[in-house]
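Trainee: I am new to this structure. Please show me how to read it, one feature at a time.

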Amino acid sequence: MRYTQYLLPTLKETPADAEVISHQLMMRAGMIRKVAAGIYSYMPFGLRSIRKMEQIIREEMNKAGAIECLLPMANPAELWQESGRWEKYGKELLRFKDRKETDFCVGPTHEEVITDIVRNTVKSYKQLPLNLYQIQTKFRDEIRPRFGLMRGREFIMKDAYSFDLDDEGADSAYGKMYQAYRNIFQRCGLKFRAVEADSGAIGGSFSHEFMVLAESGEDAIVSCDACEYAANVEKAELIYRDIETPAATAELQKVDTPEQKTIEAVATFLNVEPSRLVKTLIVQTSDDEVLAVLLRGDRELNEIKLANLLEVDRVLLAEDAVVRQTTGAPTGFAGPIGLKIQVIADSEVQGMADFAVGGNAVDVHYTGVNLARDFTVSRFADIRQAVPGDPCPRCTDGKLESWRGIEVGHVFKLGTKYSEAMNATVLDAQGKSRPLVMGCYGIGVGRTVAAAIEQNHDEHGMALPMPLAPFQVLVSMVNPKDAAIREASESIYQQLLDLGVEVLLDDRDERPGIKFKDADLIGIPLRLTVGARNLKEGNVELKVRASGEQSLLPLADAARELQRLVVAALNR
């Protein structure tokens, strides 16, 4: 492709509404253009990366035995009402009526549609296992779309759905998809982690998120420094082996703590470490139950763990009025002593003694507090956020490390959540009707490309890995008016095309400085510069975008050497 015949509108300035690096660089490099909040057009340069991502996905999904289909964006409300998600999904579900006043939604995901297809076409266990996937545009009416393709309202997604007769088959399907996802992100040239995760609104019993590691990642994840364990902090398990409650050595004392409300302030006032305090949080569940939660003073509550423990949809900190009614004091002074509600404590608290707590009165705390003697805990459980240094729950020697990640893929073991709700059954070998056991598997296509930019860039622009780069080689004519430079550039360009290399020829009549700045911005992996000085010696200059390494190549060997480097990068 010739630059002069290509639509590649680069920008010198960063758009004011572009907050993260990928959004900034995709706009500046002419990959996307904003149409409305969270809705973007894919420009030719950006679409090439999107299509490469899709092709990698297709190849690995097909290799894993999945079959491609294409489902409609417009979904009838009756299917979503069958599954129960029409009411539960919330305002992110874009609902509309057709001319006959029939309710529809724009599909944010397609469990209902695919389950409807399978229940009407698959009748026997002999037709299983089955895995159907699509690559299609979705819409979720995000309340605050931001970060370009990282959190848009309209986006391209690969979603797959597996159907099996039993849990054993579903586990096998899950394992195949898990490995396919690892293959996909490895082929993309990305640094990533597969982490155990909460299933969220999709539902199901087990799931993994695939996280591209990047400092700008929205999600916090932990992984073991000694084994393969990794998890989203929302899901990360914490296990305390052989935990015992120490014997009490201090007497219970009520202490005045004037104007000391925070953990840090109280710890300083009492001249103890925050870890010697136990904080009491008054929370309220989605079922309107009010209870007290105890954590070590320097720890944070994991609301998702607590909600899962209580088997409720969500848990929120209680409002001040509820706290006052429950404890007799405003927020900031709650403690477990004398409370008439259920008290749940993090497992770590079980190993504490002689600690301090709130006194359920303004400017009052207790010191020398001990379990059993001074208050009763209904239940001990893992309900706190994991932090670096915590012991690994899978091995005996490992410690957890902390990372930032960008979620690009998610695999779920759904079980029979949708098949039972929608009566999707098959006959087994004994002729008995059984609900299908399902899994679902999603990849954000544009989001993965954006995450790749977040992971691969510098102050000059992006440096996408070869498998996702829009072009593999950029041939830059320093002066297209120079006959020798043009002839050499055109020759190399044609040789590369003949060798199957994806090449962009910068034949613009622009100053070299402008061309080099654009080259760094758009980040094509290999740049070959054809200039008069090197050409006199029979050479051209090669620059590797990611490393900045520069070298001279003989003009006669340049095309073959570039092809070799491209193939090596794709097979890495």
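Mentor: We will go through domains, a helix, the cores, one threonine and the cysteines. Keep in mind that this is a predicted model.

Trainee: Which domains does the assignment give?

Mentor: Begin with the bounds. The assignment for the protein chain lists domain 1 (47–237 + 402–453), domain 2 (253–381) and domain 3 (471–570). Taken over C-alpha atoms, the centres of domain 2 and domain 3 are 65 Å apart.

Trainee: How do I read a helix? What is the reach of H2?

Mentor: Compare its reach with the expected span. Helix H2 covers residues 44–63, 20 residues in total. From first C-alpha to last, H2 reaches 29 Å, close to the 28 Å expected. Just after H2 comes Gly 65, with a positive phi of about 95 degrees.

Trainee: Which residues of H2 are buried?

Mentor: Among them are Phe 45, Ile 50, Met 53, Ile 56, Ile 57 and Met 61. The buried set also includes Lys 52, Glu 54 and Glu 60.

Trainee: Now the cores. Which residues have the most contacts inside the largest nonpolar core?

Mentor: That core has 61 residues. Those with the most contacts inside it are Met 31, Phe 45, Met 53, Tyr 181, Ile 184 and Phe 185. Helix H6 (residues 167–187) supplies the largest share, seven residues. Domain 1 and domain 3 both give residues to this core, so it lies between them. A second, separate core has 27 residues, including Ala 77, Leu 79, Leu 128 and Leu 132.

Trainee: What does Met 53 contact, beyond its neighbours within four places in sequence?

Mentor: Its partners include Ile 184, Phe 185, Cys 188, Val 445, Thr 448 and Leu 468.

Trainee: Is Thr 448 buried or exposed?

Mentor: Check the relative accessibility. For Thr 448 the value is 0%, so Thr 448 counts as buried. Thr 448 is in helix H11 (residues 445–455). The side chain of Thr 448 reaches the backbone oxygen of Gly 444 at 2.6 Å. Leaving out residues up to four places away in sequence, Thr 448 touches Met 53, Phe 185, Leu 190, Val 408 and Ile 443.

Trainee: Last, the cysteines. How many disulfides are there?

Mentor: Look for two cysteine sulfurs within 2.5 Å. The count here is zero. For Cys 224, the nearest cysteine sulfur is that of Cys 227, 3.6 Å away. Cys 224 is at 7% relative accessibility, so Cys 224 counts as buried. For Cys 440, the nearest cysteine sulfur belongs to Cys 69, 14 Å away. Cys 440 is buried too, with a relative accessible area of 4%.

Notes:
Residues are numbered from 1 along each chain as its sequence is written. This is a predicted model: local features need pLDDT of at least 70, side-chain atom pairs count only at pLDDT 80 or more; totals for chains, interfaces and linings use all residues. Side-chain values use heavy atoms; hydrogens and water are left out. Helices (H or I, at least four residues) and strands (E, at least two) are DSSP runs, numbered from the N terminus. The expected span of a helix is 1.5 Å times one less than its number of residues. Buried means under 20% relative accessible area, exposed over 50%, partly exposed in between (1.4 Å probe, protein chains only). A nonpolar core is a set of buried Ala, Val, Leu, Ile, Met, Phe, Trp, Tyr and Cys residues joined through side-chain atoms within 4.5 Å. Domain bounds come from an automatic or database domain assignment. Contact means heavy atoms within 4.5 Å. A polar contact is a pair of N or O atoms within 3.5 Å; within protein, one must be able to donate a hydrogen and the other to accept it, and residues adjacent in sequence count only if both atoms are side-chain atoms.
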